Amino acid sequence: MKFRDNLLHLRQQRNMTQEQLAMLLGVSRQSVAKWESGQSTPEVDKLLKMAELFGCTIDELVSDDLSMRTVAPAEILPEGAPAEDVCGYDEHMKKFAFGIATGVALIILGTAISVLIAALIPEPMSEALVTACVIAFVAIGLAFILPAAINHASYAKAHPFVEDFYTPQQKEAEHRSFAVQLTAGIVLILFGVIVVSVSGATGNEKLEEIASAVLLALVAAGVWIIVHCGIIHGLSDIASYNNERADEQWERDNPRVGHICSIIMLIATIVGLLLLFGGAAAAHAGVEHADIALSFFWVSWLVGGISCGIATLVMRSSSEK
């Protein structure tokens with residue numbers, strides 16, 4: 001009881017909201033609410049952060065009565081102060097968007113360059129160059145994508161809640177920028193399609209191959225713009241980010257969900273492989289309609305994914321009752 005009372009008192013003394021404290025501690029707002037209501041207690045590392053934040057020891061925070069302790073005026077947050085980006089959310093998401101967009105675009109660009117090499121350099125020399133080009137650009141692309149994805153996962157785990165600090169003006173400006181950039185990306189891709197169409201009318205095979213390379217290069221540029229602006233567009237929807245982190249936390253707190261989904265996907269994999277290899281064997285043996293199994297073996301994974309989603313929703317609904 002003393003910890004709960006101390007936490008509530010120390011937070012309210014500083015005009016600090018549950019959201020602000022959650023951001024500083026790297027937890028969800030629901031966690032702070034549960035601590036203050038006595039439904040749960042924080043881990044030692046969170047207690048240490050709180051003790052540093054409130055200028056006391058862990059023992060004082062947990063065992064003593066701090067209701068008489070005064071707070072320096074400098075520690076009191078001004079009433080109605082606008083939210084601030086204390087977690088570096090904006091900078092992190094921009095780096096994440098750049099890494100993912102650049103990685104995807106580089107992989108597509110590698111294909112474009114390989115097509116150009118095949119068009120300009122005669123075989124067999126071009127075969128080795130094409131293979132090396134594709135492998136090199138895939139590797140470079142993954143060198144952007146994987147660190148960005150790993151860093152984002154680490155950031156999301158360390159900051160499961162972020163207070164919405166974007167102003168309405170910033171959100172409106174971002175929406176306008178998103179519309180312009182999305183249009184620019186689509187126009188680049190369409191321009192590439194026009195280039196291929198024009199080259200096809202010439203009947204020159206080499207020119208058509210070069211035009212295909214140009215199309216892929218323009219697709220790479222267009223995809224970079226679309227992916228980048230799409231991720232940046234999600235920046236302003238911090239509520240969605242918080243909801244996703246809350247869902248992830250719920251899944252970590254309920255490991256049965258992961259076990260059930262693993263079993264479902266294992267069954268889906270077995271069924272898919274049976275359809276694939278069984279269908280191939282049946283087709284080889286001349287069995288009628290065996291090609292249907294080969295054509296739709298991938299559906300088992302789709303059904304498995306949907307089943308996992310349904311199972312998660314059912315278990316979440318049951319736990320909230």
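**Helices, charges and rings**

Reader: How accessible is Lys94?

Author: Lys94 has a relative accessible area of 42%, which makes it partly exposed, a class that lies between buried (under 20% relative accessible area) and exposed (over 50%), as computed with a 1.4 Å probe on protein chains only.

Reader: Before I go on, what kind of model is this?

Author: It is a predicted model, in which local features need pLDDT of at least 70 and side-chain atom pairs count only at pLDDT 80 or more, whereas totals for chains, interfaces and linings use all residues. Residues are numbered from 1 along each chain as its sequence is written, and side-chain values use heavy atoms, with hydrogens and water left out.

Reader: Back to Lys94, then; which residue does it form a salt bridge with?

Author: The partner of Lys94 is Asp90, with the closest N and O atoms 3.0 Å apart; the term salt bridge stands for a side-chain nitrogen of Lys or Arg within 4 Å of a carboxyl oxygen of Asp or Glu. Both residues belong to helix H6 (residues 89-120), where they are 4 residues apart, about one turn of the helix. Helices here are DSSP runs of H or I with at least four residues, numbered from the N terminus.

Reader: Why would residues four places apart in a helix point the same way?

Author: An α-helix has 3.6 residues a turn, so residues three or four places apart point the same way.

Reader: New topic: which residues of H1 are buried?

Author: The buried residues of H1 are Phe3, Asn6, Leu7, Leu10 and Arg11. They are on the same side of H1, because the arc they cover around the axis is only 120°, taken from the directions from the helix axis to the C-beta atoms.

Reader: What covers them?

Author: The cover includes helix H2 (18-25), helix H3 (29-37), helix H4 (44-54) and helix H5 (58-63).

Reader: What span should H1 have, and how far apart are its ends?

Author: Helix H1 (residues 2-13) has 12 residues and should span 16 Å at 1.5 Å a residue, and its end C-alpha atoms are 16 Å apart, so the two values agree. The expected span is 1.5 Å times one less than the number of residues.

Reader: On to the rings; how many aromatic pairs does the structure hold?

Author: The structure holds 5 aromatic pairs, where rings of Phe, Tyr and Trp (its six-membered ring) pair if their centres lie within 6.5 Å, and planes under 30 degrees apart count as stacked, over 60 as edge-to-face and the rest as tilted. One of them is the edge-to-face pair of Tyr89 and Phe165, at 6.1 Å centre to centre with 80° between the planes. This pair links distant parts of the chain, 76 residues apart, with Tyr89 in helix H6 and Phe165 in the loop between helix H7 (125-158) and H8. Tyr89 and Phe165 are both buried.

Reader: Which residues make up the cluster that Tyr89 is in?

Author: Tyr89, Phe165, Tyr166 and Tyr241 form one aromatic cluster.

Reader: One more place: which residues does Ser300 contact, beyond its neighbours in sequence?

Author: With its neighbours within four places in sequence left aside, Ser300 is in contact (heavy atoms within 4.5 Å) with Ala268, Val271 and Gly272. A polar atom of the Ser300 side chain lies 3.3 Å from the backbone nitrogen of Gly272. Ser300 is located in helix H13 (residues 299-320) and counts as buried because its relative accessibility is 10%.

Terms used: Helices (H or I, at least four residues) and strands (E, at least two) are DSSP runs, numbered from the N terminus. A polar contact is a pair of N or O atoms within 3.5 Å; within protein, one must be able to donate a hydrogen and the other to accept it, and residues adjacent in sequence count only if both atoms are side-chain atoms.
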